[in-house]
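Hi,

Here is the structure I promised to pass on. Have a look at it first, and my notes on what turned up follow below.

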Amino acid sequence: MLNLTLLGGKFVFLGVLYLFVYFMVRSIARDLRLPSVAATAGLTHRGIAVAEAGSQAAPAPVSSADQAAGVWALVVSQSPYLQVGSAFLLPVGERVLVGRAAENEVVLNDTFVSSSHARIIAETQGLVVEDLGSTNGTVVGGRELAGPVLVGHGETIAIGDTVFTAEAR
């Protein structure tokens with residue numbers, strides 16, 4: 001009976017070892033994958049003005065009422081999927097959903113991003129960031145969110161492997 005138990009233990013150990021190797025190889029392959037033009041196309045902007053990196057003006061005009069109330073920008077400061085330096089322009093009162101699902105205004109094709117990951121609302125004082133119960137959480141200024149947080153100019157918002165910087169414009 002002892003031999004049978006030891007044999008079963010060997011198979012369980014080998015199974016766990018193979019799973020470990022599989023997940024390590026998958027993680028390494030994901031980290032080594034270079035962003036392509038197709039991956040950069042994961043940036044969508046349904047109703048949101050998006051300024052490309054290096055451009056001075058946003059492609060979509062901002063109304064004078066929005067300019068008087070203020071405009072905030074989510075600038076991509078680090079991402080394997082989006083072009084670094086591109087910005088999502090959010091007039092005050094604008095509400096944006098960020099996630100992996102196609103129905104979000106900002107789509108991040110990242111395995112660490114939930115389908116509906118976070119909600120960002122532009123207010124005159126800053127951006128209100130709220131995690132929508134995502135699996136991996138949302139990090140603002142190095143701290144994981146426990147509830148809605150007001151984010152000011154220059155603060156960072158990390159969603160998956162993408163890091164945004166909030167800017168008042």
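The side chain of Thr-138 makes a polar contact with the side chain of His-117, at 3.3 Å (a polar contact is a pair of N or O atoms within 3.5 Å; within protein, one must be able to donate a hydrogen and the other to accept it, and residues adjacent in sequence count only if both atoms are side-chain atoms). The Thr-138 side chain also has a polar contact with the side chain of Asp-131, at 2.6 Å. Thr-138 sits in strand 8, residues 138-140 (strands are DSSP runs of E, at least two residues, and helices are runs of H or I, at least four, numbered from the N terminus). Because its relative accessible area is 0%, Thr-138 counts as buried (buried is under 20%, exposed over 50%, partly exposed in between, with a 1.4 Å probe and protein chains only). Beyond four places in sequence, the contacts of Thr-138 include Val-129, Arg-143, Leu-145 and Ile-157 (contact means heavy atoms within 4.5 Å).

Before you go further: this is a predicted model, so local features need pLDDT of at least 70 and side-chain atom pairs count only at pLDDT 80 or more, while totals for chains, interfaces and linings use all residues. Residues are numbered from 1 along each chain as its sequence is written, and side-chain values use heavy atoms, with hydrogens and water left out.

How confident is the model? The chain averages a pLDDT of 82, and 77% of the residues score at least 70 (pLDDT is the predictor's confidence in each residue, from 0 to 100). Confidence is highest in strand 11, at 96, and lowest in helix 2 (residues 37-40), with a mean of 38.

Now strand 2. Six of the eight residues in this strand (71-78) are buried. Strand 2 runs antiparallel to strand 3 (residues 87-91), with five bridges between them, and antiparallel to strand 12 (residues 162-168), with six bridges (two strands pair if DSSP finds at least two bridges between them). Ala-73 has Leu-89 as its bridge partner in strand 3, while Val-76 stands opposite Phe-164 in strand 12.

Which residues touch the most other members of the largest nonpolar core? Among its 23 residues, they are Leu-74, Leu-127, Ile-157, Ile-159 and Phe-164 (a nonpolar core is a set of buried Ala, Val, Leu, Ile, Met, Phe, Trp, Tyr and Cys residues joined through side-chain atoms within 4.5 Å). Strands 2, 3 and 12 are among those that each supply at least two residues of this core. A second, separate core of five residues includes Val-71, Ala-73, Ala-87 and Leu-89.

Last, the aromatics: the structure holds two aromatic pairs (rings of Phe, Tyr and Trp, the last by its six-membered ring, pair if their centres lie within 6.5 Å; planes under 30 degrees apart are stacked, over 60 edge-to-face, the rest tilted). Tyr-22 and Phe-23 have ring centres 5.2 Å apart and planes at 65 degrees, so they are edge-to-face. Tyr-22 is partly exposed at 47% relative accessibility, and Phe-23 is partly exposed at 43%. The rings of Phe-88 and Phe-164 are also edge-to-face, because their planes are at 65 degrees, with centres 6.3 Å apart. Since Phe-88 lies in strand 3 and Phe-164 in strand 12, this pair ties together parts 76 residues apart in sequence. Both Phe-88 and Phe-164 are buried.

Cheers
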